[in-house]
Amino acid sequence: MGYPQIEHHGAKDGVTGSCHQLDMNATTSLLVDCGLFQGDDASIPSGEGGSRLPIDFPLDTIKALVVTHVHIDHVGRIPYLLAAGFEGPILCSEASAKLLPIVLEDAFKLSFSRDQQRIERYIDIVESRLVALPYQHWFTLVDTDELNARIRLQRAGHIIGSAYVEIDLNYPQAGESKRIVFSGDLGAPHAPFLMPPQSPERADILVLESTYGDRLHEDRQTRRQRLEAVIEQALQDQGTVLIPAFSIGRTQELLYELEEIIHTRSVGANSLANMLPSETVPASSTSVGASLLANSTTDRPPLPTETSVTPIPPLSTEERAAPILPLPSEKRANSEHLPLPSEKRANSEHLPLPSGERAGVRGREAMPENGITSESTGVRGNETSLAISSDAEQPPLPQRERAGERGQKTAQNETPLAESHSPDQTTTNWPELPIILDSPLASRFTAAYRELKPFWNQEARDRVQSGRRPLAFEQLITIDSHSDHQRIVNHLAQTARPAIVIAGGGMCSGGRIVNYLKAMLGDKRHNVLFVGYQAKGTPGHAIQTYGPKGGYVNLDGERFDIRAGISSIGGYSAHADKKGLVEFVTGMQQWPTEIRVVHGEQKAKQALGAQLHASYKQQNRPDVRITTGRMEDMSEQGGNYAP
């Protein structure tokens, strides 16, 4: 039996549950990610409706786990991995080491226990296993007469801390060597905070994600303008804009973009006010934004004051001038050699990472079981199965007030308000529009992001140096307690106050977004804006698909008709599109001879495989073998897939 070999324990037939095992020889293997299955992927392929949570593969040869990034579909089964007896180190980037304990604490509460003492012990175990690796440095995993293995992490540009993994394997006795690359999730260009990924120098075998392998993103350079236009249009309905968002990555990017819109509008408004005499500014220019919340003379009560954050003072001169310093050296792996344990490594020679208190991991009360949701997984209460909406074909609702009224508003058919509105119509007063972040978990990640400025790109750091706070601006209102969450939901549902709500639960399978949807989907004044991928089988996919047709969605077993406006902006995907994925391969000096296409729906994998073959043929490269899970191999240039 020849080595290396690769086994796929997840994301082989779908988009979630990433988990790949690299068998380096008969006794030594490496696990890359251990993620949670979501949506349709959460059911056993045989259709028996069972759970895919348990670890169903042997662990005896697995010496270490490498985490590409901390999204739940890449790390959500780690609690089950530890429960199954895995005792090796958990390798990840420095920024991921800061974020991972927060994610795993939430996953542990969901899957095992909300007892605070058990959670503390569990987090202690996780932190003792973590080994933080800086980017662009090789670290030795195994060094024997039979095998030399080393690993290097490179920026993937997906979320802060994301990485693709390069693994060099040398077999001295056989005189052979291989380089294997696991892409993890690759990001797209022009993302806030992040530097775009660079292709590796070479790869013999590439395990490549394909989430958007069959499509191209909208122009990402103008996505902020499209976001502004979509929100402006939605707010003309005199209601609230709901944005389902994942707690990690997407939420912080949205806050960054919204702060830029507010800043630009504030500068513009100040410039106009300075240019015009005060009597020339009509009273009708009052916006549909937060000024109505604060100064309304109607019968609408103000927002609950307990939910507002205290305005944050501007940065001091010292803070602006302070250099952006790298993480202290003790947070990093302090050796280029990472000896793998043959027994428990409770007293690892590698210094454990600092306590999670710095990222808000500690000192949190256990979540009460009164309806608060576990946001990172989209699962409610203590349930271990997802509350999935039926995604079967739906008959349209009768043609009533909402059905067919507006259709889906997309960036392609948007008309900027400045062009489509008559002069006497009001526009949004962005500097006073409340931005409500209703996700305790997202708030904790946002605080951690603020501590990870050394990993921000130059543009983001320049904003901080200029005195701006892209993740803590004045208009931002954060909601923590469940009681405040319920009050805000009821208030916005009853009054239809104009506001932007970013709520936890990116695919609407759980999280606080579900309560907003239940209360507001049936009201045509409100709008739902999707900025991320919606996997088949999730309520988000059903809303996105059937909402524009006047359809319905099942939430927690109850049917809700959709009369709210439904919009989507594709340019906010954190994944590379088909062009970016192909360029990741063609940007290498030495192209792979084998590509395993994973982490995608079959249509996306097929389209990406065909495009890769076409690229090899166009550049007169040697033939490549491409495998796509359920499909047969494509071993001929331009070959066909066969089921």
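## Cavity and contacts in a predicted model

Trainee: Among contacts with a separation of 6 or more, what share comes from residues 24 or more positions apart?
Mentor: In this predicted model, such pairs account for 76% of those contacts in the chain.

Trainee: And how many helices and strands does the chain have?
Mentor: There are 16 helices and 25 strands.

Trainee: What percentage of the residues is buried?
Mentor: Of the 643 residues in the chain, 57% are buried. The chain exposes about 26100 Å², and 48% of that area is supplied by carbon and sulfur atoms.

Trainee: Changing topic, how many cavities of 30 Å³ or more are found?
Mentor: A search of the whole structure gives 9. The largest cavity has a volume of about 310 Å³.

Trainee: Which residues are closest to the centre of the largest cavity?
Mentor: They are His-71, Asp-73, Phe-246, Met-507 and His-575, out of 22 residues that line the cavity. By class, the lining has 11 polar, 8 nonpolar and 3 charged residues.

Trainee: Where is His-71 placed?
Mentor: His-71 lies in the loop between β4 (62-66) and α1 (72-75).

Trainee: Is His-71 buried or exposed?
Mentor: His-71 counts as buried because its relative accessibility is 13%, and the cut-off for buried is under 20%.

Trainee: Which residues is His-71 in contact with, leaving aside neighbours within four places in sequence?
Mentor: His-71 is in contact with His-158, Ile-159 and Ile-248. With His-158 there is also a polar contact between the two side chains, at 3.2 Å.

Definitions and conventions: Residues are numbered from 1 along each chain as its sequence is written. This is a predicted model: local features need pLDDT of at least 70, side-chain atom pairs count only at pLDDT 80 or more; totals for chains, interfaces and linings use all residues. Side-chain values use heavy atoms; hydrogens and water are left out. Helices (H or I, at least four residues) and strands (E, at least two) are DSSP runs, numbered from the N terminus. Buried means under 20% relative accessible area, exposed over 50%, partly exposed in between (1.4 Å probe, protein chains only). Contact means heavy atoms within 4.5 Å. Accessible areas come from the Shrake-Rupley method with a 1.4 Å probe; for residues, only the protein chains shown count as cover. On a 1 Å grid over the protein atoms alone, a cavity is a set of points where a 1.4 Å probe fits but cannot get out, and a pocket is an open set with protein on both sides within 12 Å along at least five of seven lines; lining residues have an atom within 4 Å of a point. Grid points are joined across faces, edges and corners, and a volume is the space filled by probe spheres set on the points. Ala, Val, Leu, Ile, Met, Phe, Trp, Tyr, Cys and Pro count as nonpolar, Asp, Glu, Lys and Arg as charged, and the others, Gly among them, as polar. A polar contact is a pair of N or O atoms within 3.5 Å; within protein, one must be able to donate a hydrogen and the other to accept it, and residues adjacent in sequence count only if both atoms are side-chain atoms.
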